[in-house]
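Here is a quick tour for anyone opening this structure for the first time. Have a look at the sequence and the 3D view, then read on.

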Amino acid sequence: MLKLYNTLTRKKEIFRPTKDKKVGLYTCGPTVYNFQHIGNYRTYIFEDVLRRTLEENGYKVKHAMNVTDVGHLVSDADEGEDKIEKGAKREGKSVWEIAKFYTDDFLANLKKINVKKADVVAPATKNIKEQIILIQQLFKRGLAYETDKAIYFDVSKFKNYTKLSGQKLKEKIIGARDEVVVDPEKRNPQDFALWFKLVGRFKNHAMRWKSPWGAGFPGWHIECSAISAKYLGQPFDIHAGGIDHVNVHHTNEIAQSEGAFGKPLAKFWIHGEHLLVDNQKMAKSAGTFYTLADLEKKGFNPLVFRYLVLGTHYRSKLNFTWKSLEAAQNALNALTNNLQLTTNDKIKTQSANRNLTRLSLVKLEKKFLNAVNDDLNTPKALAMIWQLIKDNQIHPKDKKALLLKFDQVLGLGFDQIKPKKNQKIPPKIEKLVAEREKYRTNKQFIQSDRLRKQIERLGYTLEDTAAGPKVLRK
Ligand code: AMP
Ligand code: ZN
């Protein structure tokens with residue numbers, strides 16, 4: 001039985017899909033004006049574990065995700081510069097080139113951290129018509145109004161506008177007043193833009209489309225309402241994203257979709273906590289962020305980052321340090337070595353024993369499933385992996401089969417681990433190694449180097465360790 005924490009009800013609930021075994025899952029995608037940082041990727045990893053857990057429970061998941069390639073302004077208050085235009089200016093490229101470059105980089109990185117690609121990856125710019133229709137529907141329902149500058153959603157006309165965050169509307173008003181209200185025709189300070197007209201600072205806006213209100217471009221929130229309805233219908237089962245989206249973006253998505261169609265947008269709202277650095281939210285604006293490429297430059301496999309993320313529950317904050325990444329690397333290396341050994345299958349276990357351990361295998365599998373089904377408790381699930389690895393009674397073949405099954409949910413890439421080649425060293429090589437070691441201890445380095453080269457030419461590598469020379473086939 002799968003239980004998930006629903007932000008909407010503020011409690012863990014049993015998950016039951018609307019349509020028997022089919023699940024509609026929507027996750028907010030990236031804004032493609034710069035590289036995504038590893039904080040962003042923490043969110044995509046948690047969403048991937050959610051998807052894989054649903055699949056493990058036998059559900060057929062349809063996963064849709066938007067790509068914000070237009071109209072995402074620097075401030076949530078619909079003010080400031082368009083981030084994509086800013087990126088284009090910075091890099092001397094067109095807005096379209098910028099969006100394509102960072103979308104491709106994002107998708108390539110998801111692959112590196114084993115995040116399954118969404119069934120639908122929908123750029124906002126390819127779904128403009130749907131956004132316009134949605135805005136027209138909001139006009140019909142009396143929830144939208146037009147000014148000289150833009151089309152806005154009137155939050156005072158929508159009941160329970162802040163139901164997701166639980167914020168008091170009054171608090172939101174105070175917050176909104178702190179920001180400079182640029183449109184004097186706006187009815188309420190917290191009304192948000194659905195469509196921008198090409199006036200004032202947007203006069204030369206590069207991305208523009210025709211609409212019933214003249215040429216312009218959509219506000220940020222409307223794309224998710226339009227794309228989710230198009231591909232998943234309404235209501236769909238689960239909407240997920242980072243916790244920072246609760247107060248503004250998801251609150252506005254709910255207002256738009258539920259306002260337009262008079263029915264819930266999604267049954268479950270699931271939010272992942274932030275990745276921190278120096279105990280502050282990792283954010284591009286703060287300048288304290290790392291990309292996946294930064295990790296790779298330091299020699300870390302991106303899957304090490306995935307392991308690190310899985311070690312903390314998705315609803316807890318996680319402070320990133322290089323030390324913790326190193327610890328994750330050591331742990332993942334140890335797991336990999338173990339898996340290589342079990343794959344090699346040198347250890348012989350009596351078949352009678354194999355039957356005896358079946359029971360512990362079943363128990364472990366149950367414990368693992370209970371852990372992930374308990375609101376995606378990945379730290380506990382990882383502990384089950386270690387329990388399995390350390391159990392010497394279990395036959396290597398059974399171990400491997402179960403580890404691969406666990407990895408369907410955790411996605412650490414165990415299926416890509418190749419067995420180590422047969423490392424039996426021929427007597428001829430062993431003899432050369434021993435001879436070379438004699439020279440080396442006698443400090444006859446010319447002779448010892450000559451023998452090392454000979455060993456290497458014969459296809460072996462030689463490493464001097466504290467425990468003596470270690471020879472491996474290349
Ligand atoms: P953005 O490209 O800014 O729209 O963000 C993409 C996703 O990353 C969203 O779901 C955000 O909630 C999430 N996100 C942004 N910063 C962080 C962070 N420091 N830790 C975890 N998730 C984050
Ligand atoms: Zn969204």
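This is a predicted model: local features need pLDDT of at least 70, side-chain atom pairs count only at pLDDT 80 or more; totals for chains, interfaces and linings use all residues.

## Before we start

## Around the ligand

Let's begin with ligand 1. Which helix gives the largest share of the shell around it? That is helix H1, residues 38-56, which supplies 4 residues. The shell has 16 residues, and those that come nearest are Gly39, Thr43, Asp244, Leu275 and Met282.

Asp244 has a polar side-chain atom 2.5 Å from an oxygen atom of ligand 1. For Asn40, an N or O atom of the side chain sits 3.0 Å from a ligand oxygen. With Gly242 the backbone takes part instead: one of its N or O atoms is 3.3 Å from an oxygen atom of ligand 1. As for how covered the ligand is, taken alone it exposes 490 Å², and the protein buries 93% of that.

Next, a sheet of 3 strands. It is open, its order is E13-E12-E14, and the pairing is mixed. The edges are strand E13 (280-281) and strand E14 (318-320), each of which pairs on one side only.

How do E12 and E14 run, parallel or antiparallel? Strand E12, residues 275-277, pairs with E14 in the parallel sense, over 3 bridges. If you want one pair to look for, Leu276 has Asn319 in E14 as its bridge partner.

Thr251 belongs to helix H7, which covers residues 246-261. Is Thr251 buried or exposed? Its relative accessibility is 1%, so Thr251 counts as buried. A polar atom of the Thr251 side chain lies 2.6 Å from the backbone oxygen of Val246. Setting aside neighbours within four places in sequence, Thr251 is in contact with Tyr161, Leu164, Ser165, His245 and Val246.

Now over to Tyr161, one of those contacts of Thr251. Tyr161 is in the loop between strand E7 (150-153) and helix H5 (169-178). Despite its place in a loop, Tyr161 counts as buried, because its relative accessibility is 5%. The side chains of Tyr161 and Asn252 are joined by a polar contact of 2.3 Å. Tyr161 and Gly259 are 98 residues apart in sequence, yet their C-alpha atoms are 9.8 Å apart in space.

## Two covered helices

Why is helix H9 (residues 302-310) described as largely enclosed by the rest of the structure? Because 9 of its 9 residues are buried. Those buried residues include Phe305, Arg306 and Tyr307. At the N-terminal end of H9 there is a cap: a side-chain oxygen of Asn301 lies 2.8 Å from the backbone nitrogen of Leu303.

Helix H6, residues 222-232, is mostly covered, with 8 of its 11 residues buried. Among the buried ones are Ile222, Glu223, Cys224 and Leu232.

Notes. Residues are numbered from 1 along each chain as its sequence is written. Chains are lettered from A and ligands numbered from 1 in the order in which they are written. Side-chain values use heavy atoms; hydrogens and water are left out. A residue is near a molecule or strand if one of its heavy atoms lies within 4 Å of it. A polar contact is a pair of N or O atoms within 3.5 Å; within protein, one must be able to donate a hydrogen and the other to accept it, and residues adjacent in sequence count only if both atoms are side-chain atoms. Accessible areas come from the Shrake-Rupley method with a 1.4 Å probe; for residues, only the protein chains shown count as cover. Buried means under 20% relative accessible area, exposed over 50%, partly exposed in between (1.4 Å probe, protein chains only). Two strands pair if DSSP finds at least two bridges between them. Contact means heavy atoms within 4.5 Å.
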